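Some words used for protein structures rest on a cut-off. How do you know when such a word applies?

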Amino acid sequence: MPVSWTPDLSIGVEKLDLQHQQIFAALDDLLAAMRQGKGKAEVGRTLAFLVGYVAEHFVMEERTMRESGYPGLESHRGEHEVFARDVRALKSVFDTYGATSVLAIDVTNRVVGWLRDHILRRDVEMARYLNSLPPRE
Ligand SMILES: [Fe+2]
């Protein structure tokens, strides 16, 4: 089953919505590569891209929160750190055991589940704050 960003995940901040879509696309690429039994090198590349992209996205979100004086920055960043650690753990499981079906299930359930939950709670809350600020010159 494809994994995809769905419109209910829109937070109303365009650049962040676009990045969220990219993350889901990267997850879908990863799962497709695993499902199609692609070699370890190719699956590894899709996983490395996902890990890197998520890290960049978090940096960007955190910078946006800092620059806007968002009061929930620290706890939001705490969730990012837990997630980034989790993804790195999956990466080391992959490095050791390869693209097992257990890993595919973990990616589908844990990673996708976490992202949806985080976007719908924390990112929506952050976006509400960002969109309440007066427009910058
Ligand atoms: Fe976030």
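The questions below take such words one at a time, for a model that is predicted.

Q: Why is H1 called roughly antiparallel to H2?
A: H1 and H2 pack at an angle of about 165 degrees, with their axes 9 Å apart. An angle over 145 degrees counts as roughly antiparallel, so H1 is roughly antiparallel to H2. The crossing of H1 with H2 is left-handed.

Q: Which residues of H1 and H2 meet?
A: From H1 they include Ile 23, Leu 27, Leu 30 and Met 34, and from H2 they include Val 43, Leu 47, Leu 50 and Val 54. By class, this contact of H1 with H2 has 14 nonpolar, 4 polar and 3 charged residues.

Q: What makes H3 roughly antiparallel to H4?
A: Helix H3 covers residues 73–97 and helix H4 covers residues 101–132; their axes come within 11 Å and cross at roughly 165 degrees. The cut-off for roughly antiparallel is an angle over 145 degrees, and therefore H3 is roughly antiparallel to H4. H3 and H4 cross in a left-handed way.

Q: Which residues form the contact of H3 with H4?
A: Among them are Phe 83, Val 87, Leu 90 and Phe 94 in H3, and Leu 103, Val 107, Trp 114 and Met 126 in H4. Sorted by class, the contact of H3 with H4 has 10 nonpolar, 2 polar and 5 charged residues.

Q: How do you know that H1 and H4 are roughly antiparallel to each other?
A: The axes of H1 and H4 cross at roughly 170 degrees and come within 11 Å. Over 145 degrees the term is roughly antiparallel, so it applies to H1 and H4. Residues that meet include Leu 16, His 20 and Leu 31 in H1, and Ala 104, Val 112 and Ile 119 in H4. The contact of H1 with H4 has 12 nonpolar, 2 polar and 1 charged residues by class.

Q: What makes up the largest nonpolar core?
A: A nonpolar core is a set of buried nonpolar residues joined through C-beta atoms within 7 Å. The largest has 14 residues, and Leu 27, Leu 30, Leu 31, Met 34, Leu 47, Leu 50 and Val 107 are those with the most contacts inside it. The elements that give two or more residues to this core are helix H1 (14–35), helix H2 (40–68) and H4.

Q: Which residues does Leu 27 touch, not counting residues up to four places away in sequence?
A: Leu 27 touches Val 3, Leu 50, Val 107, Val 111 and Val 112. Each of these pairs has its C-beta atoms within 7 Å.

Q: Why is Glu 81 called exposed?
A: Glu 81 has its place in helix H3. There are 10 other C-beta atoms within 10 Å of its own. A residue with 12 or fewer is exposed, so Glu 81 is exposed. The C-alpha atoms of Glu 81 and Phe 58 are separated by 9.0 Å, and the two residues are 23 residues apart along the chain.

Q: Why is Leu 90 called partly exposed?
A: Leu 90 is in helix H3 and has 17 other C-beta atoms within 10 Å. Buried needs 20 or more and exposed needs 12 or fewer, so Leu 90 is partly exposed. Leu 90 touches Leu 103, Asp 106 and Val 107, not counting residues up to four places away in sequence. The C-alpha atoms of Leu 90 and Asp 106 are separated by 8.1 Å, and these residues are 16 residues apart along the chain.

Q: What makes Thr 64 count as partly exposed?
A: Thr 64, in helix H2, has 17 C-beta neighbours inside 10 Å. Thr 64 and Leu 130 are 66 residues apart along the chain, with their C-alpha atoms separated by 8.7 Å.

Q: How do you know that Gly 44 is partly exposed?
A: Gly 44 lies in helix H2. Its count is 18 other C-beta atoms within 10 Å. The C-alpha atoms of Gly 44 and Pro 134, 90 residues apart along the chain, are separated by 44 Å.

Definitions and conventions. Residues are numbered from 1 along each chain as its sequence is written. This is a predicted model: local features need pLDDT of at least 70, side-chain atom pairs count only at pLDDT 80 or more; totals for chains, interfaces and linings use all residues. Axes are lines fitted to C-alpha atoms, for helices over the stretch in contact, and angles run from 0 to 180 degrees between N-to-C directions. Helices (H or I, at least four residues) and strands (E, at least two) are DSSP runs, numbered from the N terminus. Angles under 35 degrees count as roughly parallel, over 145 as roughly antiparallel, 65 to 115 as roughly perpendicular and the rest as oblique. A crossing is left-handed if the near helix is turned anticlockwise from the far one by less than a right angle, and right-handed if clockwise. Two residues are in contact if their C-beta atoms, placed from the backbone, lie within 7 Å. Ala, Val, Leu, Ile, Met, Phe, Trp, Tyr, Cys and Pro count as nonpolar, Asp, Glu, Lys and Arg as charged, and the others, Gly among them, as polar.
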